[in-house]
Each structure stands twice: as C-alpha cells, then as structure tokens.
Amino acid sequence: MSKDKPAPVELRFELNRKDIVIECEPQQTLSEVLRNQLNLTGTKISCEVQVCGACTVLVDGLPVSSCTYLAYEAHGHTVTTIEGLENTDRTLHPIQQCFIDEFAFQCGFCTPGMILSAKALLDDNPNPTDDEIIHHMDGNLCRCTGYISIVKAIRKAVEVLKEARG
Ligand code: FES
Ligand code: FES
C-alpha cells in the first residue's frame, strides 16, 4: 500500500461573504483549515469528537461541528465563522452585543460556538420559548457560566432583533 500523502484537493467556498479558493488535504477538518490555513482562530477546538460545540460554524446557515466536518465537504457552500458575524459597518451583531450586555461568558472559549448556534436558532425561529432555546443550545457546553446568562442573552437578542425588524 502506498504511504504517499493523498493529493491535495481544491476547495472553493464562500467564507464570511468572500469567495475563496484554497487547497487542502482530503482528511483535513474544516476547523483545521479555518484555524491553521486561514488564520480564523475564533473557531475554537476542544473535545474534537463533536460533543462540546466549541467548534461550531454555520454551513449554509446551519450549525455544524467543524472539528469533525471535513473541509472538502464545504466545497460550493457558504461558511460563516464568528469573524464573519459582525455587521458590514464593523459593529457587532446584536447576538454578540447581547452576550456582552448579559455577561454571558467568562473564559469565552465556548462563546463563538454559542453565538453561532444562537444565530442559527433565531434565523429559523425568531421568537423561541425558553425551552426551545435550551433545547437548541444543548449541543453547546459551557464550563463557566451556569447557562442562565446565556439564555438571558439569547432572550435579549430576540427582543433587539424584533425591534430592528420593526
Ligand atoms: S471541538 Fe468540536 S464539538 Fe467539541
Ligand atoms: S465561558 Fe468558559 S466555557 Fe463558556
């Protein structure tokens, strides 16, 4: 059996509103490519086995664990990381601001994944109940906050986004 490294594959996708083309190895995960090739270190890696949610990014608006999602699977899709969430005028996305306002983090390691999961929820269901928030967020683990402030932040984001929609 050949011990040669597999040939790199070309990967084209939209990342944070920009079209990009890179080469990666077929076995590389999306989190490795984002962090090590594209310097987007806002995507955190913790468990590496799709349990904690720290590595959550959005692919076509849906949350995925980028620690187990192979980079080449993103070919032709739209990927959003925490770096792509701010508004075009560089102000924070309302969900980011609400996490700050409600002190919804301490070490912050889980926060990018939390915020992206919350965005996927609110894009799909702009007015979730607390139970729906808790159920949706149960794939994102936090060792610091006790979760109450996170639910409060998402609840506040619901109101802010509602007001912005008018
Ligand atoms: S690092 Fe991916 S789910 Fe934990
Ligand atoms: S704020 Fe530390 S893990 Fe969530």
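This is a predicted model: local features need pLDDT of at least 70, side-chain atom pairs count only at pLDDT 80 or more; totals for chains, interfaces and linings use all residues.
Close-up 1. A second salt bridge joins the side chains of Asp 101 and Lys 156, with 3.3 Å from N to O. Because Asp 101 lies in helix α2 and Lys 156 in helix α5, this pair ties together parts that are 55 residues apart in sequence. Asp 101 is partly exposed, at a relative accessible area of 31%, and Lys 156 is partly exposed at 30%.

Close-up 2. Arg 90 forms a salt bridge with Glu 86, in which the closest N and O atoms are 2.7 Å apart. The backbone of Arg 90 also deserves attention, as its phi is positive, about 75 degrees, although the residue is not a glycine.

**Close-up 3. Helix α2 and its buried side.** Within α2, the residues Pro 94, Ile 95, Gln 96, Cys 98 and Phe 99 are buried. The buried residues of this helix pack against α3 and α5. After α2 comes Phe 103, which has a positive phi, near 50 degrees.

**Close-up 4. The largest nonpolar core.** In soluble globular proteins, nonpolar side chains tend to be buried together. The largest nonpolar core of this model has 25 residues, of which Ile 95, Phe 99, Met 114, Leu 122, Ile 150 and Ile 154 touch the most other members. Two or more residues of this core are given by each of the elements α2 (94–101), α3 (111–124) and α5. Apart from this core lies another, of 17 residues, with Ile 22, Cys 24, Val 33 and Val 59 among them. When residues up to four places away in sequence are not counted, Met 114 touches Phe 99, Met 137, Asn 140, Leu 141, Cys 142, Tyr 147 and Ile 150.

**Close-up 5. A nonpolar patch on the surface.** Val 49, Val 51, Leu 141 and Tyr 147 form a nonpolar patch on the surface, and together they have about 360 Å² of accessible area. Tyr 147 is placed in the loop between α4 (130–136) and α5 (148–165), and with a relative accessibility of 34% this tyrosine counts as partly exposed.

**Close-up 6. Leu 11 in strand β1.** Leu 11 is found in strand β1, which covers residues 9–15, and this leucine is buried, with a relative accessible area of 0%. Setting aside residues up to four places away in sequence, Leu 11 touches Ile 20, Val 21, Ile 22, Cys 24, Ala 71, Tyr 72, Ala 74 and His 75. The C-alpha atoms of Leu 11 and Gly 61, which are 50 residues apart along the chain, are separated by 19 Å.

Close-up 7. Leaving aside neighbours within four places in sequence, Thr 43 is in contact with Ser 31, Leu 34, Arg 35, Cys 55, Val 57, Ser 66, Thr 81 and Glu 83. Asp 60, by contrast, is partly exposed, with a relative accessible area of 44%. The place of Asp 60 is in the loop between β3 and β4 (62–65), and its phi is near 50 degrees, a positive value in a residue other than glycine.

Close-up 8. A disulfide is a covalent bond between the sulfur atoms of two cysteines. The structure holds zero disulfides. Cys 52 counts as buried at 11% relative accessibility, and Cys 110 counts as buried at 9%.

Notes
Residues are numbered from 1 along each chain as its sequence is written. Chains are lettered from A and ligands numbered from 1 in the order in which they are written. Side-chain values use heavy atoms; hydrogens and water are left out. Patches are made of residues with over 30% relative accessible area and no salt bridge: like charges are joined within 9 Å, nonpolar side chains (Val, Leu, Ile, Met, Phe, Trp, Tyr) within 5 Å. Accessible areas come from the Shrake-Rupley method with a 1.4 Å probe; for residues, only the protein chains shown count as cover. A salt bridge is a side-chain nitrogen of Lys or Arg within 4 Å of a carboxyl oxygen of Asp or Glu. Helices (H or I, at least four residues) and strands (E, at least two) are DSSP runs, numbered from the N terminus. Buried means under 20% relative accessible area, exposed over 50%, partly exposed in between (1.4 Å probe, protein chains only). A disulfide is a pair of cysteine sulfur atoms within 2.5 Å. A nonpolar core is a set of buried Ala, Val, Leu, Ile, Met, Phe, Trp, Tyr and Cys residues joined through side-chain atoms within 4.5 Å. Contact means heavy atoms within 4.5 Å.
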